[in-house]
Amino acid sequence: MKLHIAEMLRAQKGEHLSFHTPGHKRPGADITELSYSDNLYAPSGVIARAEEDVAKILGAARSFLLTDGSTAGVYSMLYALRSADVRSLAAPRFSHPCVLHACEVLGLEYVPIEQETRCGIPVQPSEAAMECALKNADALLLTSPDYYGFFALLEAARALCDGQKKPLAVDGAHGSHLHFTRRHAGKFADMWVDGVHKSLPALTQGAVVSAKGEWAERLHEGVLRFRTTSPSYPIMASVEYAVKYPRNEKIEALSEAFKRRHGCVENDDWTKILLPCGARCAAANAFFEQNGVYPEFADGNYIMFYLSPCTKESELQRLSALVDFFGRGAVKSEAPAGSIPIYSEKR
Ligand SMILES: Cc1ncc(COP(=O)(O)O)c(C=O)c1O
């Protein structure tokens with residue numbers, strides 16, 4: 001598939017004397033909006049074509065490239081909701097802080113959806129909890145998948161929202177790799193964020209926010225307000241590249257096999273491997289780092305290894321050998337008490 005932004009950047013040839021921003025004056029790919037490079041604020045060239053392709057892939061009426069992370073996408077979605085007279089938003093108790101901050105900035109009442117925790121992990125809200133909160137709110141926002149790799153009950157959420165004629169937004173900061181599957185936020189939500197930089201090969205801060213139907217124009221108004229007017233071309237090019245990056249079913253299967261082999265938490269998402277370490281969490285994390293392996297986080301109970309379609313089989317094999325070496329038996333026996341929860345829909 002054609003990479004519109006990257007090809008435009010690659011086509012720059014010959015002398016380029018920079019009398020424009022950025023101030024480092026050695027632009028390379030880091031150019032600004034020039035006659036040939038289009039304009040994110042009002043795209044009509046390569047950025048417009050990239051956004052159209054991305055929307056098609058994600059199943060959206062319109063998609064907007066973001067170089068300011070999923071945070072800008074969440075703010076833009078909430079702006080769109082506010083513009084449609086939404087005054088209160090039901091969202092899980094353990095939502096990312098940007099959801100609460102956006103509510104605060106936009107004057108939306110935040111109606112928390114209660115979440116249990118099991119074995120130290122927040123459980124995705126039950127249907128009953130969503131229904132209870134949505135009775136007192138004008139719209140629903142869910143996070144799917146969450147940081148621990150569990151999907152929200154998106155079918156149930158869609159049915160609830162349809163029943164009450166209320167919009168559904170999804171924070172998919174950790175789910176952009178799912179667009180190949182029926183678990184992707186775009187299959188259920190009116191508006192959603194794909195945090196492309198987290199689970200697909202994009203530069204940090206690269207993301208996309210998308211909408212269906214009548215929400216597209218409202219979301220457009222939102223991104224005009226919350227997105228930078230100096231977007232990074234390397235980030236935009238990387239987002240287009242990442243969304244068009246092919247699925248890697250081999251590494252998906254290897255991840256699931258790894259989880260089974262090492263007694264990892266049975267979550268829903270192959271990109272997030274949660275190794276229960278219990279009291280040895282800090283020691284295990286130090287051991288991995290001493291061996292040049294850097295996990296996403298160690299939360300005192302679990303170590304999380306974040307994969308992407310670019311993770312190599314040999315890298316997973318190295319991790320597997322290290323987990324074995326650290327002592328699988330000892331790690332498992334000190335995992336938090338209770339059974340490992342399986343508490344959300346399966347793919
Ligand atoms: C669930 C969730 N939503 C939103 C965000 C914000 O994303 P970004 O850092 O890309 O702005 C994060 C970041 O970690 C997140 O975990």
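This is a predicted model: local features need pLDDT of at least 70, side-chain atom pairs count only at pLDDT 80 or more; totals for chains, interfaces and linings use all residues.
In general, the strands of a sheet pair through backbone hydrogen bonds, in either a parallel or an antiparallel manner.

The protein is divided into two parts, domain 1 (4-243) and domain 2 (249-333). A distance of 28 Å separates the C-alpha centres of domain 1 and domain 2. Contact between them involves 10 residues of domain 1 and 10 residues of domain 2. On the side of domain 1 that touches domain 2, 6 residues are nonpolar, 4 are polar and none is charged.

The ligand is surrounded by 13 residues, of which Gly-69, Ser-70, Thr-71, His-96 and Ala-173 are the closest. Helix α3 (residues 69-83) supplies 4 residues of this shell, the largest share. Sorted by class, the shell around the ligand contains 5 nonpolar, 7 polar and 1 charged residues.

Helix α6 (residues 154-164) has a buried side and an exposed one. Leu-154, Ala-157 and Cys-161 are buried in α6. Viewed down the axis of α6, the buried residues fall within an arc of 55 degrees, so they line one face of the helix. An α-helix has 3.6 residues a turn, so residues three or four places apart point the same way. Among the elements that cover the buried residues of α6 are α5 (127-134), β6 (139-143) and β7 (168-172). The exposed residues Asp-162 and Gly-163 are carried on the face of α6 turned away from its buried side.

Lys-165 follows α6 and lies in the loop between α6 and β7. The phi of Lys-165 is positive, near 50 degrees, although the residue is not a glycine. Lys-165 has 6 C-beta neighbours inside 10 Å and therefore counts as exposed. Asp-85, another residue other than glycine, has a positive phi of about 70 degrees. The loop that holds Asp-85 runs between α3 and β2 (88-92). Asp-85 counts as exposed because it has 7 C-beta neighbours inside 10 Å. For comparison, most residues other than glycine have a negative phi, and most peptide bonds are trans.

Cis peptide bonds were also found. One joins Thr-21 and Pro-22, with omega at about 0 degrees. Pro-22 is located in the loop between α1 (4-10) and α2 (46-58). A cis peptide bond also joins Ser-144 and Pro-145, where omega is about -10 degrees. Pro-145 lies in the loop between β6 and α6.

Methods
Residues are numbered from 1 along each chain as its sequence is written. A residue is near a molecule or strand if its C-beta atom, placed from the backbone, lies within 6 Å of it. Helices (H or I, at least four residues) and strands (E, at least two) are DSSP runs, numbered from the N terminus. Ala, Val, Leu, Ile, Met, Phe, Trp, Tyr, Cys and Pro count as nonpolar, Asp, Glu, Lys and Arg as charged, and the others, Gly among them, as polar. Domain bounds come from an automatic or database domain assignment. Two residues are in contact if their C-beta atoms, placed from the backbone, lie within 7 Å. A residue is buried if 20 or more other C-beta atoms lie within 10 Å of its own, exposed if 12 or fewer, and partly exposed in between; C-beta atoms are placed from the backbone. The arc is that of the directions from the helix axis to the C-beta atoms.
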